[in-house]
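The exercises below concern charged side chains and the packing of helices. Please work through each task with the sequence and the model in view before reading its solution.

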Amino acid sequence: MSKTAIVTDSNSGITQNQGKELGVFVLPMPFVINGEEYLEDISLTQDEFYEHLKTGADVSTSQPSVASVTSLWDEILEMEEYDEIVHIPMSSGLSSSCDTAIMLAKQYNGKVVVVDNHRISVTQRQSVMEAKEMADGGMSAEEIRRVLLDTAKDTNIFIMVNDLKYLKKGGRVTPAGAALATILGIKPVLQIYGEKLDAYAKARSVKHAKRIMTEGQIEDLKKRFPKDYESGNFHLQIAYTYDKEAANEYKKEVMEMFPGHDIVMNPLSLSVSCHIGPGALALAYTKKLD
């Protein structure tokens, strides 16, 4: 029986140390800051990243080089314990790194299977955890791919943006719109469903935004997965940018709405943080695999 290795990228929120503990391989995402390239969790920490943002540095995302991807795959396939790879990158709708990986995998004669299940951050992390469990259970790379594709959209993310200047910088909101929203104290709530990042609602305050996200997830769960909602057959995840104290406070509020439910909390991936800035909060659910 072949042994399947699980590979993801740092957009999953899984650090290099966590990857070693979990038995998965994590490809670091590159960032260009003031013209110099850094690798997430290798030469760039979360604190250093936000310090660059605060000082107004020119920060942009990039995709892993072809050499970094194929070198990791080659290294894994040379290990005696692995015969094939499932590679789970961030959603193709948010980065071209997925399409690049799919193209590169064609050179590996079926030994590398790339899964575009349209997830990022805490929901991508959940896909990795499920893939590892399936691999440990003896499932092949192709079998794991089919399951992840079939359940790709069994999830939803809401994100509250605290400071619109980063969306303005990325061209996702006009300067005039950002200025007006700042004056009025508006906190946009965005939604990541599938491969798209879209506007969901406009909140009047952080408190209002948190309520929109919590109630919105309950409504979405009841509508899409009523039996799973009633039985608690779903994972809950909170993500945040930089402000862990605010995230812990929100976690308490979410726990009141979902008593007895386990909640996983992790920092948002830096690729998302780059576009929304510090102080953001996110709430996600992922339906558990049947």
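**Exercise 1: pairs within a helix**

Asp 220 and Arg 224 are four residues apart in helix 9, so about one helical turn separates them; helices here are DSSP runs (H or I, at least four residues), numbered from the N terminus. This is a predicted model, in which local features need pLDDT of at least 70 and side-chain atom pairs count only at pLDDT 80 or more, while totals for chains, interfaces and linings use all residues. Residues are numbered from 1 along each chain as its sequence is written, and side-chain values use heavy atoms, with hydrogens and water left out.

Task: determine how Asp 220 and Arg 224 interact, and state whether Asp 220 is buried or exposed.

Solution. Begin with the closest N and O atoms of the two residues, which are 3.3 Å apart and form a salt bridge (a side-chain nitrogen of Lys or Arg within 4 Å of a carboxyl oxygen of Asp or Glu). Next take the relative accessible areas: Asp 220 is buried at 17%, whereas Arg 224 is partly exposed at 25% (buried is under 20%, exposed over 50% and partly exposed in between, with a 1.4 Å probe and protein chains only). Finally, turn to helix 5, where Asp 136 and Lys 132 are likewise four residues apart, about one helical turn, and their side chains meet in a salt bridge of 2.8 Å, N to O.

**Exercise 2: a pair between helices**

Task: find which parts the salt bridge of Lys 210 and Glu 253 ties together.

Solution. The side chains of Lys 210 and Glu 253 meet at 2.9 Å, N to O. Lys 210 lies in helix 9 (residues 206-224) and Glu 253 in helix 11 (residues 244-257), so the pair ties together parts that are 43 residues apart in sequence. In terms of accessibility, Lys 210 is buried at 11%, while Glu 253 is partly exposed at 34%.

Methods. Helix = DSSP H or I, 4+ residues; strand = E, 2+ residues; numbered from the N terminus.
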